[in-house]
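Please look over the sequence and the model before reading on.

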Amino acid sequence: MTVVRENIFVNTTVRDRFLEGVRLLDQPNSGIRASDLRDFLQANNLPLGIRGIDQELSIYDIFVFWHLLAMSIQLSVGNAAHGGPIFLPWHRMYMIRLEEFLQQVLDEPEFGLPYWDWAADGHLPVRQQWRAELWTPDYLGEARGAVRSGPMGEIRVRLVQDARNGNLVSVTPRPLQRAAGLNPDVASLPRQPDVDAAQAQPLYDQPPWNRSVVGHRNILEGWINGPQLHNRVHVWVGGDMAPGTSPNDPVFFLNHCNVDRLWEQWMAHKGRNYEPKPNRGPSGHRLDDVMVAIIGQALTPQGVLDPAQWYAYDSLLIA
Ligand code: CU1
Ligand code: CU1
């Protein structure tokens, strides 16, 4: 079913349903335990370890696990979800699956993910950005420290990334943590001219397909003079938004929904073009390569290039 993805500030009903859906998916009743993830990783000889307490996890935790798993699979260029052309299609598939779970748990087939147009907050003075409306109890809760107010105050983090070796740690459930705007190198959110630079690119991507390329994907991912755009939002929020387990913070999905909207906006103007084509670029990034998936059918970039069968955005206008 085709749903509409809207700006979180435009539709408070969608906002409330998103927060409620995330809260429901975060209940530790998936029937999957941390020890099951360990067995899965070992049985499939995957390059990710997990230690810590054994506990039952939530569906939301499984999404966190999926993201770090894709990140841990190194390719000749980047990994299975970042640092190359696959970045935008992989996150598109990933969010389609979360949107489907939210529709189920809310019993609302017409639910579409909201997005956060962070460049709109980027024009605020730096001192006001972390005090903006998004960080109030009706939205995502505290921008700094432990998140204790509003629906997100009930979210519990169970899987974190070990900073020393990149592996997973199953921890005693704790509140979300943020450190918005506290990194002096990344004082401000991205601004509209940064977005415009990505949207003006004639090419999606090009050789050598990595973090040095000038093209739509790499500028939007944020590696040029980084962290910019997508990467900058992760670093600016900080706390649980910074490591490979960043989907722990639901703002991850608001950020990526906006990134996906900008990709869709770019394609609406420049054509639905993706590079590399089959047999031409690095394995794992090509148009017909099957992407890493543990929930739902594994799709190819070709399969997600036009999202019309799943969703559309409320607006693709370029200002
Ligand atoms: Cu990611
Ligand atoms: Cu991200």
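## Contacts and fold

Two residues are in contact when heavy atoms of theirs lie within 4.5 Å. Among the contacts in the protein chain with a separation of 6 or more, 70% are between residues 24 or more positions apart. The model is a predicted one. Its protein chain has eleven helices and seven strands.

## Size and surface

The C-alpha trace of the protein chain spans about 50 × 45 × 40 Å along its principal axes. A compact globule of 319 residues would have a radius of gyration near 20 Å, and the 18 Å of the protein chain agrees with this.

Of the 319 residues, 54% count as buried. The protein chain exposes about 12,700 Å², and carbon and sulfur atoms supply 50% of that area.

## Charges

Side chains of opposite charge can pair when their charged atoms come close. In the whole structure, a search finds 23 salt bridges.

## Two buried pairs

One of the salt bridges joins E99 and R5, with 2.9 Å between the closest N and O atoms. This pair links distant parts of the chain: E99 belongs to helix α4 (residues 87–106) and R5 to strand β1 (residues 3–5), 94 residues apart. E99 has a relative accessible area of 3%, under the 20% limit, so E99 counts as buried. R5 is buried too, with a value of 0%.

E264 and R92 also meet through their side chains in a salt bridge, at 2.8 Å from N to O. Because E264 lies in helix α10 (residues 251–270) and R92 in helix α4, the pair ties together parts that are 172 residues apart in sequence. With 7% relative accessibility, E264 counts as buried, and R92 is buried at 0%.

## A network and a partly exposed pair

Which residues are linked with R5 and R92 in a network of salt bridges? The network also takes in E99, D260, E264 and R272.

A further salt bridge is formed by D39 and R38, where the closest N and O atoms are 3.5 Å apart. D39 is partly exposed, having a relative accessible area of 39%. R38 likewise counts as partly exposed, at 37% relative accessibility.

Terms used:
Residues numbered from 1 in each chain as written. Chains lettered and ligands numbered in written order. Predicted model: local features only at pLDDT ≥ 70, side-chain atom pairs only at ≥ 80, totals over all residues. Heavy atoms only, no water. Helix = DSSP H or I, 4+ residues; strand = E, 2+ residues; numbered from the N terminus. Rg over C-alpha atoms; globule rule 2.2 N^0.38 Å. Buried < 20%, exposed > 50% of the residue type's maximum accessible area, 1.4 Å probe, protein only. Areas by Shrake-Rupley, 256 points an atom, 1.4 Å probe, with all protein chains shown as cover. Salt bridge = Lys/Arg side-chain N within 4 Å of Asp/Glu carboxyl O.
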